[in-house]
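This briefing goes through one protein model by topic. Keep the sequence and the 3D view open while reading.

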Amino acid sequence: MVLKSVDFSQFLSENSGIPFDVRFEVIEEVHDEFTYEKFEVDRKTVEAHKMLLSAASPVFKSQFYGKMKSIKHDFEIKETKIKAFELFIQIIYGAGNLDLDIKDMFEILDLADFYIIEPIKGKMIDAIRSKITLENLKAVADAASTYMHHEELASGILNECGKFLQNNLGPSNQMIDFLQDELMEPELIDQIINLKCENCDYFECKDNMLATFPEHKPLRPGVKVKKWIRTGSETQMLECSISKVSLAPIPPNLRLNMQIDGGEIVLAVSDGSEMRLPLKKMSNNEFDHWYSSPLSSANFLSTGGMIFRCKD
């Protein structure tokens, strides 16, 4: 209980009364774009306490106290910036009100990933997400592809960029136009707009968006949808989930909204009943759904009158 009230950042001062017992020589380097050699441009010593670092990170704990522990007190740190490593140590000690720019956040996120400090990873991801604007989105995406050594983390940040654009620009054709105007590389654009729903692992479905799918990736069983049913002059909205999708060959000249012979979608209705509906060829209009550019010429299918409800 007492330790929770301790301000550990006070021990970053040389006058704290508790001497440092580990020193990191942070060496900042640049790459020569012609020879690919590294050249040192700056270095600085950052001091800390083994016990406090080990309490925060299993990597530090193993390095200082594990079975294969090092007896050294001096360590070289490369592949990061001096400022970022200093801030990283300060955050471990609980320092607040730090002035971080986007590049700092990415460097610290990469360090937190390497040293397996999940709270700092989460804090940096939240900070980066909150800083994304239309004006700096290119810088954020470039930083994700440049500073992140962990591919999954980089993809997660690019996904946040895509979600920001989705919420602020709308359809993916507008997103692509914006990113192309920002002179982004095509591969990076595809990564940003390749949004997927965390619930159904389909292209970012977004509630109330028409539930269509490319013929090579049918909606999997369990995906939640709402289906309009017209009875006379009345229209009903039924909550359902996909039970089964049966595909069939699509005639080359089949027009939009026409049924596909042998194609069927089976819906499990929330009241326990089941609906078997014909499969139709749908528009692949980007206002109807989200998809990455390789799908621009794909056939999209559905039964019509059906929207996603994944976030319910």
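A residue counts as buried when its relative accessible area is under 20%. With that cut-off, the buried residues of helix 7 can be listed, and they include Leu153, Ile157, Cys161 and Leu165. The model is a predicted one.

**Helix 7**

- Helix 7 covers residues 151-169, which makes 19 residues.
- At 1.5 Å a residue, helix 7 should span 27 Å, and the 26 Å between its end C-alpha atoms agrees with this.
- Also among the buried residues of helix 7 are Asn159, Glu160 and Gln166, as well as Gly162 and Phe164.
- The helices that the buried residues of helix 7 pack against are helix 4 (102-114), helix 5 (118-131), helix 6 (137-147), helix 8 (172-181) and helix 9 (186-193).
- An α-helix has 3.6 residues a turn, so residues three or four places apart point the same way.

**Cysteines**

- Cysteine 161 has 0% relative accessibility and therefore counts as buried.
- Cysteine 240 counts as buried because its relative accessibility is 1%.
- The structure has zero disulfides.

**The hairpin of strands 1 and 2**

- Strand 1 (residues 22-31) and strand 2 (residues 38-48) run antiparallel and are joined by 10 bridges.
- Six residues lie between the two strands of this hairpin, and in the turn tyrosine 36 has a positive phi of about 65 degrees.
- Opposite phenylalanine 24 stands valine 46 of strand 2.

- Seven strands form an open sheet in the order 4-9-8-7-6-5-10, and their pairing is antiparallel.
- Strand 4 (213-214) and strand 10 (306-308) are at the edges; each has a single partner strand, so one side of each has no neighbour in the sheet.
- Within the sheet, strand 5 (residues 224-231) and strand 6 (residues 234-246) run antiparallel, with eight bridges between them.
- Arginine 230 has threonine 235, in strand 6, as its bridge partner.

**Nonpolar cores**

- In soluble globular proteins, nonpolar side chains tend to be buried together.
- The largest nonpolar core here holds 57 residues, and Phe24, Leu53, Phe85 and Phe88 have the most contacts inside it.
- Helix 3 (residues 82-92) contributes the most to this core, with eight residues.
- Leaving aside residues up to four places away in sequence, leucine 53 touches Val22, Phe24, Ala48, Phe60, Phe64, Ile89, Ile92 and Tyr93.
- A second core is separate and has 24 residues, including Ala211, Leu219, Ile260 and Leu301.

Terms used:
Residues numbered from 1 in each chain as written. Predicted model: local features only at pLDDT ≥ 70, side-chain atom pairs only at ≥ 80, totals over all residues. Heavy atoms only, no water. Disulfide = S-S within 2.5 Å. Buried < 20%, exposed > 50% of the residue type's maximum accessible area, 1.4 Å probe, protein only. Helix = DSSP H or I, 4+ residues; strand = E, 2+ residues; numbered from the N terminus. Expected span 1.5 Å × (residues − 1). Contact = heavy atoms within 4.5 Å. Pairing = 2+ DSSP bridges. Core = buried A, V, L, I, M, F, W, Y, C linked by side-chain atoms within 4.5 Å.
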